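Look at the model first, then read on.

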Amino acid sequence: MSFAFLTRAFGHGDPVEEIEEPEAVPARASRRDRRAGRADAVVTEALGQKVLHAFLQNRHQTLVPLTLNLRVLEPAQRDLVIQAMAAAFLAQGRRQDPAPVRDALARISAAEAERQRLDKALAAPLALGDLLDAILDADLGAYAYVASLLAVDQRRRVNQLYLAYLAERLGLAEDVVSSLHRRYRV
């Protein structure tokens, strides 16, 4: 409704020249529809998306540890990572020979003291909730996940479920988890 119609209908003032109202832009118009006439905006948006995608991929390469080396961790951090390995091994539910876990420990540059700590952790494991809280407090989520990944047979369904639980509980992003799986395939 225009202003001129209202003044005539209610008898106020002189008739005013009718002003044409601009057409309303649909509320759900996409960005591309709104910018269709501006080719430079479309090109800029496409380039921006490509740059952002490349940045995010490179960011995850620097955020996720490339190698798990126990020698670079402090003793308390090493203990937490070893406890995570033991918890993952024990989560399989059946008693097995811990030789594969010891081999995995050797892969991450463990010394004799860490091997002894693993044996103690297998004999007397920490409660999983307490262990995960300590890992979160120490900001070792990715390290603990990698250690757990190395400690279990990744093809078994029960281990896949445990690793999914662990990733969720440690707050690891899905792309970080998939990157770790690609790096640490056994």
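Setting aside neighbours within four places in sequence, Ile 135 is in contact with Leu 80, Ala 84, Leu 140, Gly 141, Ala 144 and Leu 170. Contact means heavy atoms within 4.5 Å. This is a predicted model: local features need pLDDT of at least 70, side-chain atom pairs count only at pLDDT 80 or more, and totals for chains, interfaces and linings use all residues. Residues are numbered from 1 along each chain as its sequence is written, and side-chain values use heavy atoms, with hydrogens and water left out.

Ile 135 also belongs to the largest nonpolar core, which has 43 residues. Together with Leu 70, Met 85, Leu 105 and Tyr 145, Ile 135 touches the most other members. H4 gives the most to this core, with nine residues. A nonpolar core is a set of buried Ala, Val, Leu, Ile, Met, Phe, Trp, Tyr and Cys residues joined through side-chain atoms within 4.5 Å.

Helices are DSSP runs (H or I, at least four residues), numbered from the N terminus.

| Residue | Relative accessible area |
|---|---|
| Gln 83 | 3% |
| Phe 89 | 6% |

Why do Gln 83 and Phe 89 count as buried? Buried means under 20% relative accessible area (1.4 Å probe, protein chains only). Gln 83 has 3%, and Phe 89 has 6%.

Beyond four places in sequence, Gln 83 touches Arg 117, Ala 121, Pro 125, Leu 126 and Leu 131. Phe 89, on the same terms, touches residues including Gln 96, Leu 122 and Val 152. Phe 89 and Val 152 are 63 residues apart in sequence, yet 5.8 Å apart in space, C-alpha to C-alpha.

Notes:
Buried < 20%, exposed > 50% of the residue type's maximum accessible area, 1.4 Å probe, protein only. Helix = DSSP H or I, 4+ residues; strand = E, 2+ residues; numbered from the N terminus.
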